[in-house]
Amino acid sequence: MTENLKNNLLIRAAFSQPTERPPVWMMRQAGRFMKEYWDIKNRYSFLEMCKTPEIAADVTMLPVDLLGVDAAILFSDILVTGEAMGGQLSFEQGVGPRFANPIRSYADAEALRTNVLDKLQYVGDAIRVIQQRLQGMIPLIGFAGAPFTVLSYLVEGGSSKDFKRTKLLLHNEPELAHIILQKIADVTVDYLNMQIAAGIDALQLFDSWALALSWDDYEIFSHRYNAYIFSKLQRNGVPVISFCKGSSVFAPLMATAGPDVISVDWNADLRQVKDNLPGGIAVQGNLDPFVLYADKKVIKEKILHLFERMRGQDGFIFNLGHGIMPDIPFDNVKYAIEVVREFSY
Ligand code: CP3
């Protein structure tokens, strides 16, 4: 797949090869800040959208057609692995994701299934439909949730502000936590290898809530499982991006897990992060998504400042430090992408 791409800026940057300008895509680029997303969302539930390949493809293509990004990202969610393993998942408007049967005991953990690829075939089907639509124009990014972040939803039963139950589990019952994490990691390996076989061009592992952890707990309960996953991928030229909120702290450890790219939150100076990484590891990021609420003049200044900091650096993918919020003006997102596309070093 990858060698036939018309626009392979993202792949080159991910492998730390020279590019004329940084490639751009944005986390949550297919979402509620777009009127066209709501036109579809008003007719189907979120999970119906994910599980119907033609609809998932329609939504994946929205930012490609309307924004001119340098990469598409599969329309799905990180929690579909948890659902396939036995979690009763729903997404309610205004509530967010919910697992109705949270994991609280050894019996719950033992009941989690691990041979679940048959339940995730709709994702492979969506990838094939999207690739037919993309026609090699730009790369398609596949993804999965990292074991720690998926565990946090399975244990809390949904989103959490403080991850109290999750941390209680890690601290009081670490053996139980490791059983759950290993099961999620095994499913994630199968799931990502299936996505590669179905034709994705790059992969991102989302460990969104790693920031909740101390350095030691991150190492034991998150990093080790991410490293295990990366070591088991049949990559075939597919670059791997490792994202977490907390990457400004954890980047040196993340680098040892074997990713090609580290996606950095907005707290750190991206150049400093890059300078402290081993050669050959690219960075992605790291504009504060809240900048996209600001005046266009400010948006441009902040992007150009970041590009100035990254001058002379191969291995840089422009992105936000986290996802686009639903109420960010569409025009501002489009403008930010134009600023990047018109830039050249
Ligand atoms: O980036 C993209 O455009 C691709 C699609 C994508 C979604 N979720 C669609 C989605 C991706 C890559 C994700 C990943 C995801 N899902 C993460 C990791 C990224 C991150 O933001 O840290 C997380 C933590 C989730 C879990 C999740 N899914 C939450 C917490 C929520 C509800 C809160 C929220 O932001 O809406 C979702 C729902 C969800 N996933 C929506 C979309 C478009 C909104 C669904 C709706 O229309 O109501």
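Me: At what angle do helix α14 and helix α15 pack, and how far apart are their axes?

Reply: Axes are lines fitted to C-alpha atoms, for helices over the stretch in contact, and angles run from 0 to 180 degrees between N-to-C directions. Here α14 (residues 296-309) and α15 (residues 330-342) pack at about 40°, with axes 10 Å apart. Helices here are DSSP runs (H or I, at least four residues), strands are E runs of at least two, and both are numbered from the N terminus. By the way, this is a predicted model: local features need pLDDT of at least 70, side-chain atom pairs count only at pLDDT 80 or more, and totals for chains, interfaces and linings use all residues. Residues are numbered from 1 along each chain as its sequence is written.

Me: Which residues of α14 meet α15?

Reply: Contact means that two C-beta atoms, placed from the backbone, lie within 7 Å. Lys296, Ile299, Lys300 and Ile303 of α14 meet Asn332, Tyr335, Ala336, Val339 and Val340 of α15. By class, six of these are nonpolar, one is polar and two are charged. Nonpolar covers Ala, Val, Leu, Ile, Met, Phe, Trp, Tyr, Cys and Pro; charged covers Asp, Glu, Lys and Arg; the others, Gly among them, are polar.

Me: Why would residues three or four places apart point the same way?

Reply: An α-helix has 3.6 residues a turn, so residues three or four places apart face the same way.

Me: How do α7 and α10 pack?

Reply: Helix α7 (residues 121-134) and helix α10 (residues 174-198) pack at about 25°, with their axes 9 Å apart. That makes α7 roughly parallel to α10. The rule: under 35 degrees is roughly parallel, over 145 roughly antiparallel, 65 to 115 roughly perpendicular, and the rest oblique. Val123, Gly124, Ile127 and Arg128 in α7 meet Met194, Gln195 and Ala198 in α10. That contact has four nonpolar, two polar and one charged residues.

Me: Is Ala30 buried or exposed?

Reply: You count neighbours: a residue is buried if 20 or more other C-beta atoms lie within 10 Å of its own, exposed if 12 or fewer, and partly exposed in between, with C-beta atoms placed from the backbone. Ala30 has 28 within 10 Å, so it is buried. Ala30 sits in the loop between α1 (9-14) and α2 (35-41). Not counting residues up to four places away in sequence, Ala30 touches Tyr37, Val59, Thr60, Leu62, Pro63, Ile73 and Phe75.

Me: Which residues does UniProt list for "binding site"?

Reply: The unreviewed UniProt entry lists Arg28, Gln29, Ala30, Gly31, Arg32, Asp77, Tyr153, Ser208 and His322. UniProt positions are given in the numbering used here, feature names are shortened, and annotations may be inferred rather than shown by experiment. Asp77 is in the loop between β1 (72-73) and α5 (80-84), and with 19 other C-beta atoms within 10 Å it is partly exposed. Arg28 is in the loop between α1 and α2, and its phi is near 65°, a positive value in a residue other than glycine.

Me: How many residues of helix α8 are buried?

Reply: Helix α8 (residues 147-156) is mostly covered, with 10 of its 10 residues buried. Tyr153 is one of them. After α8 comes Gly157, whose phi is positive, near 85°.

Me: Where is Leu287, and how far is it from His322 in space?

Reply: Leu287 lies in strand β8 (residues 282-287). Leu287 and His322 are 35 residues apart in sequence and 8.4 Å apart in space, C-alpha to C-alpha.
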